Amino acid sequence: MRHLFYLVLLLTLTACPQKDDDTINCTEIFVSGLTIQVKDLSTNNFITEGITVFIEDGDYNEELAVVSDTFFGAGERPGNYTITVSGEGYMTAVVGPIEVLSDECHVITQSVEISLTPN
C-alpha cells in the first residue's frame, strides 16, 4: 500500500510540473455556459420533443440546441441569462436571471432543471 502511495505521488508530480512563469495553458474545448434539462411536472420525466428553450442576456438571444435530454447554449459567453421554456401542451416557464461566470480559460457551466406544468 505504501508503494502505491509513492507511485501515485510520483506520477502526480511528474504529470503536473511546476512552472516558473504564470502561464496558463487553456484547453481548446468549447464550453457551454448553460445546460438545461426540462421535465414534465406531472410525470417527472425529461422532455425534449416539441420543447423550445430560449435564452436572453440584454440584446443577445439564442435558441438552444438539444442533445439527448439536455439543451446547450451560451457557448463561451458569460452573462446574466433569462431562460424561457415553452412547448405545446405546457405552460411557458421563465427562469432567471442565471449568472454564467468565466475563469481564465472558459465559462463556468451552470446546470438548470426546469419543470413544465401541463395545461
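**Strands and pairing**

Reply: Strand β2 (residues 51-57) and strand β3 (residues 60-63) run antiparallel and are joined by 4 bridges. Strands here are DSSP runs of E, at least two residues long, numbered from the N terminus. Two strands count as paired if DSSP finds at least two bridges between them.

Me: Where do the coordinates come from, and how are residues numbered?

Reply: This is a predicted model: local features need pLDDT of at least 70, side-chain atom pairs count only at pLDDT 80 or more, and totals for chains, interfaces and linings use all residues. Residues are numbered from 1 along each chain as its sequence is written, and side-chain values use heavy atoms, with hydrogens and water left out.

Me: How many residues sit between β2 and β3?

Reply: The hairpin has 2 residues between its strands. Gly58, in the turn, has a positive phi of about 65 degrees.

Me: What else does β2 pair with?

Reply: Strand β6 (residues 79-87), antiparallel, over 6 bridges. Val53 has Val85 in β6 as its bridge partner.

Me: What is the strand order in that sheet?

Reply: β3-β2-β6-β7, an open sheet of 4 strands with antiparallel pairing. β3 and β7 (93-100) are at the edges with a single partner strand each, so one side of each has no neighbour in the sheet. The twist averages 20 degrees from one strand to the next. Axes are lines fitted to C-alpha atoms, and angles between N-to-C directions run from 0 to 180 degrees.

Me: New topic. What about the sheet with β1 in it?

Reply: That one is also open, with 4 strands in the order β4-β5-β1-β8 and mixed pairing. Its edge strands, β4 (65-67) and β8 (110-116), each pair on one side only. Direction ignored, neighbouring strands are turned by 30 degrees against each other on average.

Me: Do β1 and β8 run parallel or antiparallel?

Reply: Parallel, with 7 bridges between β8 and strand β1 (residues 32-40). Gln37 stands opposite Glu113 in β8.

Me: Now Asp57. Buried or exposed?

Reply: Asp57 lies in strand β2. Asp57 is buried, with a relative accessible area of 19%. Buried means under 20%, exposed over 50%, partly exposed in between, using a 1.4 Å probe and protein chains only.

Me: What does Asp57 touch?

Reply: Arg77, Pro78, Gly79, Asn80 and Tyr81, leaving out residues up to four places away in sequence. Contact means heavy atoms within 4.5 Å.
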